[in-house]
Amino acid sequence: MKKVLLAVGGTVLLIVAAVAFTLGSRHDNAEAGPAAQLTLAPGQLLYRTVSTGRIASVPLSNPAATPQVSGLRCDRFAVAKHTAVCLAVQPGTLPAVTDVLVLDDHLAIKHKESLPGTPSRARVSPDGRLVYWTLFVTGDSYAATGFSTRAGLYEVDTGRLVKTIEELAVQVDGRRYFASDANFWGITFAPDGNRFYATLASLGKTYLVEGDYAHYHGKALRENVECPSLSPDGTRVAFKKKVGDGVWRLSVLDLATLKETPLAETRSVDDQALWADDHTVLYGLDNAVWSVPADGSGSPRKLAGDAASPAVTG
Amino acid sequence: MYIAASRTSDLAAGNDRKPALRRVAANVVALGLVSLVTDVSSEMVTAVLPLYLVLGLGLNPLQFGLLDGLYAGATAVVRVLGGHLADRWRRLKAVAGLGYGLSAVCKLGLVAAGSSVAAIGVVLAADRTGKGIRTAPRDALISLSSEPGALGRSFGVHRALDTVGAFLGPLVAMAVLALSLGSYTSVFFTSFCIAAIAVLLLVLFVRDRPAVVDRDGVSLRAAFGLLRSKDFRRITIWAALLGLVTVGDSFIYLLLQRRWDVAATYFPLLPLGTAGVYLLLAVPLGRLADRIGRWPVFLGGHVALCLALVLICGPQAGFWLAVVALGLHGVFYAATDGVLMAAAGPLVPSGLRATGLAVVQTGQAAARMLSSVLFGLAWTLWDLRPAVFVAAAALAAVALAAAFVRPVRP
């Protein structure tokens with residue numbers, strides 16, 4: 001009898017402790033400072049504040065200025081023209097479900113899609129008419145705790161949703177490629193809104209695929225090019241080149257000559273680079289946003305701390 | 001339906017009309033409840049850990065996969081050590097409690113580790129060590145607390161309770177995440193509190209079974225001497241060989257998804273299908289094993305897995321075939337997991353029970369890890385279907401050999 005009392009007492013005590021802790025965290029998480037109303041006016045560097053998840057803005061010309069912080073919380077964020085995209089995991093969903101929020105130039109929600117997976121990459125096409133993303137999906141892959149990726153896109157004008165571009169007809173070495181384990185990630189579109197690039201992974205290899213959206217086919221251009229990002233002039237691709245297991249070197253590929261240039265950032269970068277202009281790329285690393293010249297010269301410069309997912313309005 | 005077959009065991013066990021739970025030793029039920037509560041705690045963390053590491057801390061999924069595989073291998077060694085020390089000190093409950101306690105404290109470690117990936121790695125390794133330490137002494141306690149004729153039923157009851165915990169864990173994690181607005185720390189802290197409840201239950205309600213043996217029987221030499229016993233050697237080797245040709249769970253679910261075109265949102269529900277069937281059949285198959293023999297049921301489980309593989313990759317595809325295949329996968333678990341322990345128990349002297357069970361488990365676990373690597377390789381080289389057919393053929397061949405060439409006679 002004494003044992004039963006002890007067991008019940010101890011159990012109740014521990015459950016009360018757990019509930020108190022959980023409700024305490026709820027209070028911390030719900031707490032928010034004053035929120036600024038951000039717009040997509042030109043000349044800003046927008047980013048995700050890592051500690052709170054809220055989107056902040058500083059002038060691109062003076063990134064050391066005190067940031068304006070919005071009330072919008074995202075795990076990934078990107079902008080182009082009058083469109084922004086915000087990927088946010090829904091709290092309390094297991095397996096995770098991600099909300100893809102398509103936002104207007106005042107960061108108001110125009111459209112929402114809820115898709116399975118956790119956010120990896122997000123981008124908006126240069127013309128602002130397409131948003132695209134990559135999500136990690138658990139359980140798709142064969143390793144017990146493995147992930148696979150699913151890249152999809154959404155046409156802002158027509159409302160057409162492509163949940164995954166896995167059906168894209170791809171040619172590798174001139175032959176139509178079929179594999180059950182084909183995985184795509186890191187989409188990037190050209191200013192014409194039709195030509196695009198992405199990484200295709202299959203059977204342990206990665207390829208840079210050049211796609212034609214209207215005809216919905218593509219061809220592999222080159223091996224070992226991950227997370228491509230097309231320059232504003234459409235001639236070069238910044239990407240992460242795998243140099244070891246879990247180690248990537250930020251590099252730039254000239255699409256005309258296929259010449260690769262490693263950039264001055266020597267640390268491993270696991271991000272889809274962002275072109276601030278035709279000469280500079282930005283990326284997130286160690287909870288900060290950095291910039292480095294796109295021609296391999298110079299050295300990395302820290303633009304903002306407690307920051308990730310950089311986006312530039314122009 | 002089993003009146004004729006169960007007559008002899010009725011005489012031995014007394015009244016057969018009592019529910020199964022009441023006819024197993026109180027100690028087994030207590031251990032089952034401890035496992036249930038512990039599984040709630042550990043499955044909570046398992047469910048959120050990939051999210052936490054990849055999304056919260058920005059770890060690369062590949063790195064996480066590597067990390068995870070490494071620890072699974074390390075557990076194998078600790079398991080034998082835990083089993084042997086429990087036998088040597090003749091304190092099964094204390095060593096099992098140490099394992100449960102270590103894993104509980106590790107949940108707090110996850111809170112303390114914060115965003116340091118290195119610290120999280122250390123904590124996860126310690127957590128797996130705790131799991132490795134406790135498994136063999138716990139199974140030895142179950143086996144020593146039961147009537148030898150009802151071992152299958154005892155393990156069935158324990159595994160069924162354990163599976164209930166695995167069901168509840170992710171649900172509790174979801175509730176905590178929703179309540180705390182996405183705080184992983186709250187999930188870890190709640191997980192700690194639940195693990196502590198399990199330790200409390202263990203301390204209060206589980207009784208130790210000091211084995212009645214002479215002390216010098218429990219040396220390292222005696223432990224190695226176990227393998228000289230013909231039947232024990234056979235069961236260890238056959239379990240390992242069968243492990244080597246067993247296709248891992250994640251592959252099965254992936255195959256089902258490919259064949260059945262399961263939407264990604266529902267994909268994580270597939271393991272629940274297996275667990276549900278396991279939960280329902282653990283006790284009936286354990287009793288069947290007590291009646292017709294544990295080894296035939298164990299091998300029958302592998303035949304069920306083989307059938308599931310053939311169904312999944314066969315010429316016909318369809319919703320019901322997928323459901324049947326998932327059911328067969330559950331049968332495989334119900335007929336093999338606890339039943340192997342029930343089969344191996346009586347082959348080991350009671351003073352060496354934890355050591356002996358640890359050896360069998362470790363051989364099987366190590367072989368299954370190797371099989372995952374091999375199957376992954378075969379899949380990459382030959383594509384999915386040929387790899388599955390080869391695996392099914394190998395499984396059938398080894399199961400047949402285990403039934404007729406040098407069979408185990410428990």
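Predicted model: local features only at pLDDT ≥ 70, side-chain atom pairs only at ≥ 80, totals over all residues.

Trainee: Why are H5(B) and H8(B) called roughly antiparallel?

Mentor: Helix H5 (residues 92-113) of chain B and helix H8 (residues 184-205) of chain B pack at an angle of about 165 degrees. Angles over 145 count as roughly antiparallel. H5(B) and H8(B) are therefore roughly antiparallel to each other. Their axes are 8 Å apart.

Trainee: What is the hand of the crossing of H5(B) and H8(B)?

Mentor: H5(B) passes H8(B) in a left-handed crossing.

Trainee: Which residues meet there, and how do they divide by class?

Mentor: From H5(B) come residues including B:Gly97, B:Tyr100, B:Ala104 and B:Leu108. H8(B) brings, among them, B:Phe188, B:Phe192, B:Ala195 and B:Val199. By class, the contact of H5(B) with H8(B) has 14 nonpolar, five polar and one charged residues.

Trainee: How do you know that the span of H5(B) is close to the expected one?

Mentor: H5(B) has 22 residues and reaches 31 Å from its first C-alpha to its last. At 1.5 Å a residue, 32 Å is expected. The reach of H5(B) is close to that.

Trainee: What follows H5(B)?

Mentor: B:Gly114 does. Its phi is positive, near 55 degrees.

Trainee: How do H7(B) and H14(B) pack?

Mentor: H7(B) and helix H14 (residues 319-344) of chain B make an angle of about 145 degrees. Their axes lie 8 Å apart. H7(B) passes H14(B) in a right-handed crossing. B:Phe155 and B:Arg159 are among the H7(B) residues that meet H14(B). B:Asp337 and B:Met341 are among those in H14(B). This contact of H7(B) with H14(B) divides into five nonpolar, four polar and two charged residues.

Trainee: Which domains does chain B have, and how far apart are their centres?

Mentor: The domain assignment gives domain 1 (21-204) and domain 2 (218-405) of chain B. Their centres, taken over C-alpha atoms, are separated by 21 Å. The contact takes 35 residues from domain 1 of chain B and 35 residues from domain 2 of chain B.

Trainee: Which helix gives the most to the side of domain 1 of chain B that touches domain 2 of chain B?

Mentor: H7(B) does, with 13 residues. By class, that side of domain 1 of chain B has 18 nonpolar, eleven polar and six charged residues.

Trainee: What does the domain assignment give for chain A?

Mentor: Chain A has domain 1 (1-31) and domain 2 (37-312). Here 42 Å separate the centres, taken over C-alpha atoms.

How values were computed:
Residues numbered from 1 in each chain as written. Chains lettered and ligands numbered in written order. Axes fitted to C-alpha atoms, helices over the stretch in contact; angles between N-to-C directions. Helix = DSSP H or I, 4+ residues; strand = E, 2+ residues; numbered from the N terminus. Parallel < 35°, antiparallel > 145°, perpendicular 65-115°, else oblique. Left-handed = near helix turned anticlockwise from the far one by under 90°. Contact = placed C-beta atoms within 7 Å. Nonpolar A, V, L, I, M, F, W, Y, C, P; charged D, E, K, R; others polar. Domains from an automatic or database assignment. Expected span 1.5 Å × (residues − 1).
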